[in-house]
Amino acid sequence: MDLIELRTLGTLDLRASNGLELHSLLAQSKRIALLVYLCIAQPRGFHRRDKLLGLFWPDADHDHARTSLRKSLHILRQSLGEDVILSRGDDDVSVHFERITCDAIEFEENLRAGRFEKALEVYGGDLLPGFFVDEAPEFERWLTTERARSRSSAARAALALSEQFEKTGNVATAVTWARRALDLSDTDESSLRKLIELQSRAGDRTGAIQNYDAFARHLAAEYQTEPSADTRSLIERIRSGWEPPGADTEPKAADDRERSRETTAAR
């Protein structure tokens, strides 16, 4: 079955089943917002028309709001296909999830299945970045909450990947994912501590200190605060030359063996 493709993470894109971009519909922000909401709002499935009226036409009287919703649904059906938008009686509306794909849904399905790398491949960035709908404050509040939730989920997935690779001894890849987790949640001290500890284990104490200093400057500038005592304690240990458990000490051990051989030869 041919599918409509809706992309919402890091960009906004809508394509018909033949791959052509639906420019005219993309230019209608309120109708695109309605489609996005029907696709990703939870619980998934049918949504009450009265709730949609309050989200998208809060200032209109009931009759005019219902007329606006009916017209919007008609235009979505014309543009996407009659069977893409479903109605149940006069009160409920849904999308036909077998006729439309959405990256936000794919992202969440991969997270639930523990496929964190695949989820982060799908996560191209914030949900609908820069998107705005006039005179729809409830929708804007919903979008802000969903945007933060998906970004937080992506950060947790990146941190989980970092911990997985750390357990297998692949410190370099663990560092990469810890850095991604911190990028996605720039005030999360658990991600920062994981990153700088892993960098220290990998022998990059300078990088660990630089990341801590940048984090501390960001907190001071944006929130007039400082890292927690636990985080400050960790960076002080790193500054003093402390090596966390599992640090790569092979070069040091090799140097010790070489000095031992030289001493034995001198005798």
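Arginine 31 lies in helix α2, where helices (H or I, at least four residues) are DSSP runs numbered from the N terminus. The model is a predicted one, in which local features need pLDDT of at least 70 and side-chain atom pairs count only at pLDDT 80 or more, while totals for chains, interfaces and linings use all residues. Residues are numbered from 1 along each chain as its sequence is written, and side-chain values use heavy atoms, with hydrogens and water left out.

Is arginine 31 buried or exposed? With a relative accessible area of 19%, arginine 31 is buried, a term that means under 20% relative accessible area, with exposed meaning over 50% and partly exposed in between (1.4 Å probe, protein chains only). Apart from neighbours within four places in sequence, arginine 31 is in contact with Leu25, Lys71, Ser72, Ile75 and Leu76, contact being heavy atoms within 4.5 Å. Lysine 71 stands 40 residues from arginine 31 along the chain, yet their C-alpha atoms are separated by 9.6 Å.

The 12 residues of helix α2 (residues 29-40) should span 16 Å at 1.5 Å a residue, and the end C-alpha atoms are 16 Å apart, which agrees; the expected span is 1.5 Å times one less than the number of residues.

Ile40 leads on to a cavity, as this residue belongs to its lining together with Ala104, Phe107, Glu108, Leu127, Glu146, Arg149 and Ser150. The elements that give two or more residues to this lining are α5 (103-112) and α7. On a 1 Å grid over the protein atoms alone, a cavity is a set of points where a 1.4 Å probe fits but cannot get out, and lining residues have an atom within 4 Å of a point. By class, the lining has four nonpolar, one polar and three charged residues, with Ala, Val, Leu, Ile, Met, Phe, Trp, Tyr, Cys and Pro counted as nonpolar, Asp, Glu, Lys and Arg as charged, and the others, Gly among them, as polar.

Glu108, Glu146 and Arg149 line the largest cavity, and these residues are also linked with Arg44 in a network of salt bridges. A salt bridge is a side-chain nitrogen of Lys or Arg within 4 Å of a carboxyl oxygen of Asp or Glu, and by this rule the count comes to 17.

One of these salt bridges joins the side chains of aspartate 126 and arginine 151, at 2.8 Å from N to O. This pair links distant parts of the chain, with aspartate 126 in the loop between α6 (116-122) and α7 (137-167) and arginine 151 in helix α7, 25 residues apart. Aspartate 126 counts as partly exposed at 25% relative accessibility, as does arginine 151 at 28%.

Arginine 239 forms a salt bridge with aspartate 213, the closest N and O atoms being 2.9 Å apart. Here helix α11 (residues 229-239), which holds arginine 239, is linked to helix α10 (residues 205-223), which holds aspartate 213. Arginine 239 also forms a salt bridge with glutamate 236, with the closest N and O atoms 3.5 Å apart; because these two residues are three residues apart in helix α11, they are separated by about one helical turn.

How values were computed. On a 1 Å grid over the protein atoms alone, a cavity is a set of points where a 1.4 Å probe fits but cannot get out, and a pocket is an open set with protein on both sides within 12 Å along at least five of seven lines; lining residues have an atom within 4 Å of a point.
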